[in-house]
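Welcome, and please open the model in your viewer. We will go from one selection to the next, and at each stop you will hear what is there.

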Amino acid sequence: MRQLRSVVVTCLTCAVLLVCARGVLHAQAVPPPVPAAAQGPQIDPETATQAYLATMPPDRRARSDAYFEGGYWLQLWGFLISVAIFVALLHSGLSARLRDVAARLSRRTWLQPALYGVAFVLITWAASLPWDIYTGFIREHQYGLATQNFGGWFGDALKELAISGVLTAIVLAIFYAVLRRTGRTWWLWGSLVTIAFLVFVATIGPVYIAPMFNTYTRLGDSPIRTRILSLAHANGIEANDVFEVDASRQSTRVSANVSGMFNTMRITLNDNLLKRASPAAIEAVMGHEMGHYVLNHAYKMLLAFGVIIVVGLGLIARSFDRLAARYRARWRVESVSDPAGLPLIMVLFTIYMFLLTPVVNTIVRTNEYEADLFGLNAARQPDGFAEAALLLSDYRKMSPGPLEEIIFYDHPSGHTRIFTAMRWKAEQANCGAAVPPAASFPGMTAPCGQ
């Protein structure tokens, strides 16, 4: 379930907002000074980028580098732990016993995979709980990124367990019903079920699931709300509300996202940035987020991941029967339509997705880069954009090597983002276009050439 959830959830960087729904103003952050190398009519993008990076205290930069680089090993160990749990379910015969228990509990064939799925989620959750406690609670506190006590964190983990159990039961009942009826082409029809499930979760998530973990409030009338909606309307986005989420109850991370699909699309802003972002950074972030919507990234990502799922299940179909036949005496898996074979499907799909990590990261990173460019042209706040990139350095390494960025980054690095903003600023100055001052909410002016 963790692998499917990682496909659904798209966390698009950055953040904004200074007003809560009751109309009480938050303290407005003072914009940081623009480095001298980033000022003037003629700037060198790389020199300006290095000047911005030099504003980071060495200890802060070392901490963010250590946190992010440690994540490389977490990906490897998380992959190995997941595979080990799935293999243990098969080799111990526990998966087959769970199937047998489900068959005894209900004679309805369609219900048995759902019952198996609930037990599957409970067991895999319990088996991975020590690892999740370390990665999600202990390590986050070690780096000063978490705000919850253990009781609060564990309570959210239990909510997530309950939601995963319900959703897994639903999707497995449908998935195995399709498998029983489609024979050798099961992988194609199973892919369609999986993709439909992703669309379903992405659609209901912002409205029904996310509020189970946090409080979402509409922003009241304010200059900032007016500016955000004006920017949205100018770019063809028929939005009437902007939501603020109290993410500070769990974490110190700054973020925002455009989530949902169809009529559940929401622009949600993280409250952690309310006291830290200048008006220019807020506007830059909102331009980026609106870029995801205008450029139809949700649907493009769905298409890309749909292809990945179809290819992955097609490859699994070529090896599942051979492996099940070879270990039938031990695993007692009769066919791909046998729920006891779910751990084998998960092992193969987990390996497939792990090997595809650079591909998946590149797909997401490319969309993020496109949104960055859109945001620069829409909001025209390059220094605000650089400020937002620095705020994300709490948990992102700013200057990776080229290969490191390709393999491990699902967003452009801080260096790439600041360089992109400074290059945009230099080109605007070269063609004589006005770039707004960094601390204001000015009216939009036309980009170069328009």
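Start where two helices cross: select α9 and α13, whose crossing is right-handed. Helices here are DSSP runs of H or I with at least four residues, strands are E runs of at least two, and both are numbered from the N terminus.

The residues in contact (heavy atoms within 4.5 Å) are E283, A284, G287, H288, M290, G291, H292 and V294 on α9, and N367, E368, A371, D372, F374, G375 and A379 on α13. Color them by class and you will find 6 nonpolar, 6 polar and 3 charged residues. For this count, Ala, Val, Leu, Ile, Met, Phe, Trp, Tyr, Cys and Pro are nonpolar, Asp, Glu, Lys and Arg are charged, and the others, Gly among them, are polar.

Two packed helices are described by the angle between their axes and the distance between the axes. For α9 (residues 279-294) and α13 (residues 357-379), the angle is about 125° and the axes are 7 Å apart. The axes are lines fitted to C-alpha atoms over the stretch in contact, with angles from 0 to 180 degrees between N-to-C directions. α9 and α13 are therefore oblique to each other. Angles under 35 degrees count as roughly parallel, over 145 as roughly antiparallel, 65 to 115 as roughly perpendicular, and the rest as oblique.

A note on what you are viewing: this is a predicted model, in which local features need pLDDT of at least 70 and side-chain atom pairs count only at pLDDT 80 or more, while totals for chains, interfaces and linings use all residues. Residues are numbered from 1 along each chain as its sequence is written, and side-chain values use heavy atoms, leaving out hydrogens and water.

**Zoom out**

Show the whole chain, which has 16 helices and 4 strands. Of its 450 residues, 53% are buried. Buried means under 20% relative accessible area, exposed means over 50%, and partly exposed is in between, using a 1.4 Å probe and protein chains only.

The axes of α12 and α13 come within 4 Å and cross at roughly 60°. That makes α12 oblique to α13. Select M353, F354 and L355 in α12, which meet T357, P358 and V360 in α13. This contact divides into 5 nonpolar, 1 polar and no charged residues.

**Into the core**

Which residues touch the most other members of the largest nonpolar core? Select W186, I316 and F320, out of 51 residues in that core. A nonpolar core is a set of buried Ala, Val, Leu, Ile, Met, Phe, Trp, Tyr and Cys residues joined through side-chain atoms within 4.5 Å. Helices that each supply at least two residues include α3 (58-91), α6 (150-182) and α10 (297-326). Stay on W186: leaving aside neighbours within four places in sequence, W186 is in contact with F175, L179, L313, I316, A317 and V336. A second, separate core of 18 residues includes A38, A48, A284 and F385.

Select T420 in helix α16 (residues 414-430). T420 is buried, with a relative accessible area of 3%. Leaving aside neighbours within four places in sequence, T420 is in contact with Y369, L373 and L376.

Now select N430, also found in α16. N430 is exposed, with a relative accessible area of 53%.

Most residues other than glycine have a negative phi. Select N296, in the loop between α9 and α10, which has a positive phi of about 55° although it is not a glycine. Then select R380, in the loop between α13 and α14 (382-391), which also has a positive phi of about 55°. Is each one buried, exposed or partly exposed? N296 is partly exposed at 40% relative accessibility, and R380 is buried at 1%.

Methods:
Left-handed = near helix turned anticlockwise from the far one by under 90°.
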